[in-house]
Amino acid sequence: MTHNDTIITTEALNEERNLPDFLNRIPDGYDVLFTDDGSSDGTAAIARSYPNVRVINHAMNLGQGVAFATGMKAAISLGYRYMVHLDADGQHRPEDIPRFVESLRAGEGDIVVGSRILGQMNKTTVLRKSFLPVLAEVINKITGLSMTDPMCGYRAYDLEVFAKHLDIFSTYHNPQHNAVEMFIRIARRGVRVHEIPVVVDARSTGKSYKGELKYGWNVMMAIIKTSLEEKGK
Amino acid sequence: MSNLTIIMALIALGMGTFTVQLMRKRKIAVSAFMLWISVWGGMLLISLFPDILIWLASVANMQLRAYFVFVVAIVFIIFLLFFRSVTERREEYGIAVLTQELALLKFKLEQMEHERKE
């Protein structure tokens, strides 16, 4: 079965070890758009070897947020209606993709967000586990949304809606923490958010580029910067 | 003239000449050229006429010339860093936009090439 109106997007930096497993697990019939964010290893070449994968290359590393925005812009220009975004490091289960698409098709939200709190987090750190609900509370207070896990990167987008809000992704204030910026901005524009439970695993191999303390600090900075910007509008 | 003032004057002259050379080779922006030429000019002026510094220090109610020099230098560096961080952010943003647009254009070209072959 083909899913002509849906595209899977992901981005990575030097993930040649995790990428084959990730791409092999994508359910049949889905097109994949992969943004290589300036990798110096064979990541892009591996992605290109898959017939259902289209590859965009950043000439230099710009961070996950910018790479994500590149993927979304390309998906819109290719004419897809739905876009499912997930991490290529083995943390998100590609088998869940159909559930995200079904939720979008059912009109449950303009963006469907995976929630580790409603689902399950395997092998996470105590610090991160205790930080996520606090962060969710802060973002809910600012946005008026009621989310349990705004930082989860496993999300699906109705591109018909997001094509009107592409400017949200063009500020690049905090390339690694675009989720915070996005939710603060979309909340003001009436974009509907829906959460579904997901299971998030530990990375297959390699290390994350997001250190625990640096992660927390950058998230707080993103909240402050985006809130100030939005108030200034 | 003390040895220090001679050294200061020579440094100011040397750096002034170097800054003009950079400008001629278009290796420095006009705004930066104006800023640094003013700095070297001020340095030269103070080394040739040290009384200016004594007068400025007394106007600022500072007992020692050295205090005045340090305060001016620190404030100048702080301002420089602040405006540099603003410029850096603007350049960083510009590079991100250009890199993204280049990637998307290249992607579109590849898609067109692919469709043409089919």
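A pocket here is an open set of points, on a 1 Å grid over the protein atoms alone, where a 1.4 Å probe fits, with protein on both sides within 12 Å along at least five of seven lines; its lining residues have an atom within 4 Å of a point. The structure is a predicted model, in which local features need pLDDT of at least 70 and side-chain atom pairs count only at pLDDT 80 or more, while totals for chains, interfaces and linings use all residues. Residues are numbered from 1 along each chain as written, chains are lettered from A, and side-chain values use heavy atoms, leaving out hydrogens and water.

The second largest pocket holds about 440 Å³ of space. Its lining counts 13 residues, with B:Met43, B:Ile46, B:Val69, B:Val72 and B:Ala73 closest to the centre. By class, 13 lining residues are nonpolar, with no polar and no charged ones. Helices α2 (30-48), α3 (51-59) and α4 (65-117) of chain B each put at least two residues into this lining.

Then there's the interface. Here 13 residues of chain B are in contact (heavy atoms within 4.5 Å) with 21 residues of chain A. The area buried between the two chains (accessible area lost on being put together, 1.4 Å probe, summed over both) is about 1,400 Å², and carbon and sulfur atoms give 64% of that. One salt bridge (side-chain nitrogen of Lys or Arg within 4 Å of a carboxyl oxygen of Asp or Glu) turns up across the interface: A:Arg48 pairs with B:Glu110, their closest N and O atoms 3.5 Å apart. On the side of chain B that touches chain A, seven residues are nonpolar, three polar and three charged.

Technical notes:
Ala, Val, Leu, Ile, Met, Phe, Trp, Tyr, Cys and Pro count as nonpolar, Asp, Glu, Lys and Arg as charged, and the others, Gly among them, as polar. Grid points are joined across faces, edges and corners, and a volume is the space filled by probe spheres set on the points. Helices (H or I, at least four residues) and strands (E, at least two) are DSSP runs, numbered from the N terminus.
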